[in-house]
Amino acid sequence: MTKSSAKSPPNRPEPGQKTALPSHVAGSGNLDRLADTAREYARNATAQNTNAAYKADWAHFGRWCRMRGADPLPVSPELIGLYIADLAAPQGKTPALSVSTIERRLSGLGWQYRQRGFTLDRKDRHIATVLAGIRRKHARPPLQKEAILPEDILSMVATLPFDLRGLRDRAMLLLGYAGGLRRSEIVCLDAGREDTPDSGGWIEILQPGAVLTLRGKTGWREIEIGRGSRSQSCPVHALEQWLHFARIDFGPIFVRTSRDGKRALETRLNDRHVARLIKQTVLAAGIRSDLPETERLALFSGHSLRAGLATSAEVDERYVQKHLGHASVEMTRRYQRRRDRFRVNLTRAAGL
């Protein structure tokens, strides 16, 4: 691949750089302020984790181009086709990427090109045909995380102590399970509305249960979490216990504790704590003890809570879809691990 002689249009800013105002309006302090505000809104158009992933995708593609004497700008469908072919079948010891990861890389590159004023046409034959061949040769059924079932979550919380840290972790697991929450949604909650700038939602505790207001991928939504049949498994009771003993009535709900476990600190937990907590309690509870420890750890993640609720809740599918905040029922069904297997026996219905 020879280095492209075409260069990016002059004066085109990199993402994150200040955009120069037209000369006839430059110098207006008010417009400069509005430009800063507009840039801030633009940065918040996509989630922070998504922005980080897209940035990493562009950095990887840029390194790949430099090593081959090519230029990532402007868009070259032929170059993109070669890039994804190398991701699927790399030389040397570099591991091949899965089809889903390659498609995600393409999404990241598409977003980065749009920020630079270009359009990446994924339907171009140099990209589409290569991707179709990659799918045909390398595509595998998606590896889904194991669903945590009701008896599993009860065994997991039973392994936790009743000190302050144990109360917090118990509330996180039960609330995440009953709410079908993503791990980022668990830790983003505040005690009240607009308590902190980094809040992703808040919670209101009522007599029948708790109402969570969350900002998700599809916008704001409310989640109703009713009280359980007994205090040991009730997510609302567990949350009340944590808030009471941690003395939290403002700001982040799930925060770090002091080393001695006797005081709640002000620092919000990050979502990695949820993943570690799930794996830790899965091992402690002996779930899937028929497998080696490394396989057991790989089977469970934060999504195991959402999958567990979707699989176990014996209600109409549309209620599960609304609860999880899915835009389509097809997405909800991906979370319902083995829920509908053999409910309808077409073999017998056919007279066999």
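Select helix H2 and helix H4 (residues 99–115): their axes come within 8 Å and cross at roughly 90 degrees. That angle makes H2 roughly perpendicular to H4, a label given to angles of 65 to 115 degrees, where under 35 counts as roughly parallel, over 145 as roughly antiparallel and the rest as oblique. The axes are lines fitted to C-alpha atoms, for helices over the stretch in contact, and angles run from 0 to 180 degrees between N-to-C directions. Helices here are DSSP runs of H or I with at least four residues, strands are E runs of at least two, and both are numbered from the N terminus.

This is a predicted model, in which local features need pLDDT of at least 70 and side-chain atom pairs count only at pLDDT 80 or more, while totals for chains, interfaces and linings use all residues. Residues are numbered from 1 along each chain as its sequence is written, and side-chain values use heavy atoms, with hydrogens and water left out.

Now show the side chains at the crossing. On the H2 side, the contact (heavy atoms within 4.5 Å) includes Asn 51, Tyr 54, Trp 58 and Phe 61. On the H4 side, Arg 104, Leu 109, Trp 111 and Tyr 113 are among the residues that take part. The residues of this contact divide into seven nonpolar, five polar and four charged. In this division Ala, Val, Leu, Ile, Met, Phe, Trp, Tyr, Cys and Pro are nonpolar, Asp, Glu, Lys and Arg are charged, and the others, Gly among them, are polar.

Next, the aromatic rings. Rings of Phe, Tyr and Trp (its six-membered ring) pair if their centres lie within 6.5 Å; planes under 30 degrees apart count as stacked, over 60 as edge-to-face and the rest as tilted. The count by this rule is eight aromatic pairs. Select Tyr 54 and Trp 111, a tilted pair at 5.4 Å centre to centre with 35 degrees between the planes. Tyr 54 lies in helix H2 and Trp 111 in helix H4, so this pair ties together parts 57 residues apart in sequence. Both Tyr 54 and Trp 111 are buried, where buried means under 20% relative accessible area, exposed over 50% and partly exposed in between (1.4 Å probe, protein chains only).

Move to Trp 58 and Tyr 113, an edge-to-face pair at 5.1 Å centre to centre and 90 degrees between the planes. Trp 58 in H2 and Tyr 113 in H4 are 55 residues apart. Trp 58 is buried at 14% relative accessible area, and Tyr 113 is buried at 0%.

Then go to the loop between helix H2 (48–67) and helix H3 (77–88), where Pro 74 is found. A cis peptide bond, with omega about -5 degrees, joins Leu 73 and Pro 74. Most peptide bonds are trans. Asp 71 is in the loop between H2 and H3 too, and is buried at 17% relative accessibility. Its side chain reaches the backbone nitrogen of Leu 73 at 3.0 Å.

Last, select two arginines with positive phi. Arg 247, in the loop between helix H9 (235–246) and strand E5 (255–257), has phi near 60 degrees and is exposed at 76% relative accessibility. Arg 288 sits in the loop between helix H10 (271–285) and helix H11 (293–299). Phi of Arg 288 is near 55 degrees, and this residue is partly exposed at 30%.

Technical notes:
A polar contact is a pair of N or O atoms within 3.5 Å; within protein, one must be able to donate a hydrogen and the other to accept it, and residues adjacent in sequence count only if both atoms are side-chain atoms.
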